[in-house]
Amino acid sequence: MIDHRIVRETPEIIREALRRRRFEYDLDRLIELEARRRELLQVENLRAEKNRLSNEIGAAYREGDEQRAEELKERVAEISAQIEAQEEELERVEEQFHAMMLELPNIPLDEVPEGDGEEDNPVLYEWGDRPEFSFEPLPHWELAERLGILDFERAAKIAAARFTMNVGAGATIERALINFMLDVHTREHGYTEVVPPYLANTRSLIGTATLPKFEQDQFKTREGLYLIPTAEVPLTNMHQDEILSAEELPKYYAAYTACFRREAGSAGQESRGLIRLHQFNKVELMKFVTPETADEELERLTLNAEEILKRLELPYRRILLCTGDMGFQPQRTFDLEVWMPGMNRWVEISSCSQYGEFQARRAGTRYRPEPEASPRYVHTMNGSGVAAGRCLAAVLENYQQEDGSIAVPDVLRPYVGGLVEIPAPVG
């Protein structure tokens, strides 16, 4: 959530941010509500006047001035009616104002390039050599079905379309990827591993700005809890309504979870294989930091995610999302895209974003810079470290062999009992 003072004092900053984002929003209405809200907050002055006059009534009776006392009582009754009316209107205005503030996107940092969509995202650099094949490389879903390691058909019978089951080596390799990622991030990058709930309440999804904006993308239970769309939700809310000390920051957390999303996705390749599912596995990286260190910490977090791809020897590139393609919540986002030779395209495998105070204001997470100082909001950031299903897809496509087998990356072999390949199908 954006600071109320910006709406009140410098709304032109928000108006320019909305223009850069290509985001339709009735800012004039929000400004009107903020002005009326501040007017109605003057109800405290009426309460003070009512108390003063009530004291005068007692004094008038003690002095025997009943006429004065009755006049004062009439005035107190008028003020009471005013107070009641203002309180009712204030409640309505506060509710409307708060709802509109929740729908207002974050303000992009100045260094975020302006643009309309993904075609305007600058590529910052590319790492690794794309593999060259002496044969026509296959997309991962065809490879997986031939090898019998992913079963989309049975998963659809059990659940619905956009679900899959990992079978045999498919399950083993994805589990190995998850364990490898967690080991690197916790043992080398300084993250504390967390196993969070897979369900979260409304307040927690509001805390990450998932609600109300993305309500339609969520799976919701009859009890009113939501299946988490990413571990970002529980990790960001770990310190909900807490005041941390400066010595506790930065805090780094990592979590493997299943993630659940109702998103329909797009047609074609996006709807096939492991790229866009209703349920998928991901290792999430999360940081709580001070404002002064936020830019540096985002760079470090993004490099942590890149390290996974480097060790797997998967070619990837880093791009900076433009204003028109960046999500609702971030101030700035770096996407890591892995090369998929079977699909003949780049596919996002990690999105690393910083949010400033945007999420912390909603979750109520603050810190005290010094023991006697007033609390300030922390800055939050997160990124995939990385998406396990998409990583499995990238391994299948980049490590496919001419005989139909899949070589196992060197760094994964200790996690799979020394297995060097998924053997080609017989017959």
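1. A crossing of two helices is called left-handed if the near helix is turned anticlockwise from the far one by less than a right angle, and right-handed if clockwise. By that convention, H8 and H11 cross in a right-handed way. The model is predicted, so local features need pLDDT of at least 70 and side-chain atom pairs count only at pLDDT 80 or more, while totals for chains, interfaces and linings use all residues. Residues are numbered from 1 along each chain as its sequence is written, and side-chain values use heavy atoms, with hydrogens and water left out.

2. Helix H8 covers residues 169-187 and helix H11 residues 294-311; they pack at an angle of about 130°, their axes 10 Å apart. Helices (H or I, at least four residues) and strands (E, at least two) are DSSP runs, numbered from the N terminus. Axes are lines fitted to C-alpha atoms, for helices over the stretch in contact, with angles from 0 to 180 degrees between N-to-C directions. H8 and H11 are therefore oblique to each other (under 35 degrees is roughly parallel, over 145 roughly antiparallel, 65 to 115 roughly perpendicular, the rest oblique).

3. On the H8 side, Phe-180, Met-181, Val-184 and His-185 meet Asn-304, Ala-305, Ile-308 and Arg-311 of H11 (contact means heavy atoms within 4.5 Å). The residues of this contact comprise five nonpolar, two polar and one charged. Here Ala, Val, Leu, Ile, Met, Phe, Trp, Tyr, Cys and Pro count as nonpolar, Asp, Glu, Lys and Arg as charged, and the others, Gly among them, as polar.

4. Rings of Phe, Tyr and Trp (its six-membered ring) pair if their centres lie within 6.5 Å; planes under 30 degrees apart are stacked, over 60 edge-to-face, the rest tilted. The count by this rule is nine aromatic pairs. Trp-127 and Tyr-316 are stacked, because their ring centres are 5.6 Å apart and their planes at 25°. This pair joins strand S1 (residues 123-127), which holds Trp-127, to strand S10 (residues 316-320), which holds Tyr-316, across 189 residues. Trp-127 is partly exposed at 29% relative accessibility, whereas Tyr-316 is buried at 0% (buried is under 20% relative accessible area, exposed over 50%, partly exposed in between; 1.4 Å probe, protein chains only).

5. Phe-328 and Phe-358 make an edge-to-face pair, 6.0 Å centre to centre with 70° between the planes. Phe-328 lies in the loop between S10 and strand S11 (332-340), and Phe-358 in helix H12 (residues 358-363), 30 residues apart. Both Phe-328 and Phe-358 are buried. Ring pairs link Phe-23, Phe-214, Phe-328 and Phe-358 into a cluster.
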